[in-house]
Amino acid sequence: MALRIGIIGLPNVGKSTVFNALTGLDVPALNYPFCTIEPNQGVVLIPDERLLAVAQVSQPKTLTGATIEFVDIAGLVKGASRGEGLGNQFLAHIREVDALAHVVRLFSNDDVAHSTGTVEPLRDVEVVDLELILADLETIGKRRERTERMLKTGEAKYREELDLLAKYEEALEQGNPLRRTALPAIPGLPLLSAKPVVYVLNTDEGQEAPQEFLDWAAAEGAEVITVAADFERDLARLDPEEAKLFLEDAGMDKPALHRLVEAGVRLLNLITFYTVKGEETRAWLIPRGMTAPQAAGRIHSDMERGFIRAEVIPWDVLVREGSVAACREQGLQRIEGRDYVVQDGDVIFFRFNV
Ligand SMILES: Nc1nc2c(ncn2[C@@H]2O[C@H](COP(=O)(O)OP(=O)(O)OP(=O)(O)O)[C@@H](O)[C@H]2O)c(=O)[nH]1
Ligand SMILES: [Mg+2]
């Protein structure tokens, strides 16, 4: 079960440039609309300072980070829900991702055509949202027909579903994406405007996010990240030494896109645990709320089936004490059973039978 974040936005706003910088892959990022047709998928290594600190203690031969998947989706235009541009194909790609990184143009390069003429971030976001809303209304209409037929079975749940669908419609018709409402989801009904979003403002170097935009995003509890995508892409092509100098020059401590990856992890409600096993130290991403045996199952199904116990040290305790042995001697390693809910930053030694 790979979790995926779709990069969406109007044409030519820098989606592929962001994607390239994220993945270090080279996909065509050319200066014309619709140069991205098939969604490009890439695996992105999650920058993780805690993993590096744990590795200082464990000194592994192999250090393995966790990854998250990003998908570079074609640009959306007004009318996409009616089949304009790449229309429905575009919407189908959005249906398949778990969360959205919505890229919005703020950079001013006159050589790059702007699909709506001028740089105006809030209007641009609304154009995209409207297409998501229209697509959802269509999905809901079809679902309602089905639910109405099922109503004849007399089961109460169909009446409840119809009521909920009516509430969805009411919100959408007022122009509100479902993520701005507190309405519960219907399992198996993929509604685009309900997907969690992080906004990526693609700026000129050093340019800040307009307050108006920040306020607007805050109203839906969404994070806003500013990146100069061109700069980040050039940065991603450098070797680490050069990149360091390049960053210092720009007065930055790390690539801005690290914050996008971190925001993605939060958006998907994921946590990280670590394993130190033989020559390998490794980070694992899991949904928040998983128990120890479930987490073990992410490593190997045998480990879930044969789970005996988990021996747990919080990463910062391990780093502070300097060794697993020191933690054990002082009783800082906890023994946890099958009901233990894994916490973000746990270093776990699984004991299991096969
Ligand atoms: N000045 C400047 N130009 C940028 C920036 N980001 C992207 N561009 C340029 O804008 C053009 C379009 O960028 P892409 O990344 O291809 O845009 P896209 O959103 O993927 O476009 P489509 O896939 O066609 O919808 C390219 O020429 C980029 O070099 C930026 O931060 N600053
Ligand atoms: Mg593109």
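Leaving aside its neighbours within four places in sequence, which residues is leucine 260 in contact with? In this predicted model, the partners of leucine 260 are Ala101, Val198, Val200, Ile225 and Val227. Three of these names come up again among the residues of the largest nonpolar core, which has 59 members: Ile7, Val18, Val198, Val200, Val227 and Leu260 are the ones that touch the most other members.

Where the domains meet, four residues of domain 1 and seven residues of domain 2 take part in the contact. On the side of domain 1 that touches domain 2, three residues are nonpolar, one is charged and no residue is polar.

The next feature to follow is an open sheet. Six strands build this sheet in the order β2-β4-β1-β5-β6-β7, and their pairing is mixed. The edges are taken by β2 (40-45) and β7 (224-227); each has a single partner strand, so one side of each has no neighbour in the sheet. On average, and with direction ignored, neighbouring strands of the sheet are turned by 25° against each other. Within the sheet, β1 and β4 (residues 67-72) run parallel and are joined by four bridges. One residue pair to look for in the structure is glycine 6 with valine 71, its bridge partner in β4.

Pairing in the antiparallel sense can be followed along β10 (residues 307-314). Seven bridges link β10 to β12 (residues 346-352), and these two strands run antiparallel. Here arginine 309 has arginine 351 in β12 as its bridge partner. β10 also pairs with β11 (residues 334-336), again in the antiparallel sense, through three bridges. In that pairing, glutamate 311 stands opposite isoleucine 335 of β11.

Asparagine 12 sits in the loop between β1 (4-8) and α1 (15-23). Its phi is near 65°, which is a positive value in a residue other than glycine. Glutamine 59 is exposed, because it has 10 other C-beta atoms within 10 Å, and the limit for an exposed residue is 12 or fewer.

A last stop is helix α8 (residues 240-249). How many of the 10 residues of α8 are buried? The number is zero, so this helix lies largely in the open. Just after α8 comes glycine 251, whose phi is positive at about 70°.

Technical notes
Residues numbered from 1 in each chain as written. Chains lettered and ligands numbered in written order. Predicted model: local features only at pLDDT ≥ 70, side-chain atom pairs only at ≥ 80, totals over all residues. Buried ≥ 20, exposed ≤ 12 C-beta atoms within 10 Å, placed from the backbone. Pairing = 2+ DSSP bridges. Axes fitted to C-alpha atoms, helices over the stretch in contact; angles between N-to-C directions. Contact = placed C-beta atoms within 7 Å. Nonpolar A, V, L, I, M, F, W, Y, C, P; charged D, E, K, R; others polar. Core = buried A, V, L, I, M, F, W, Y, C linked by C-beta atoms within 7 Å.
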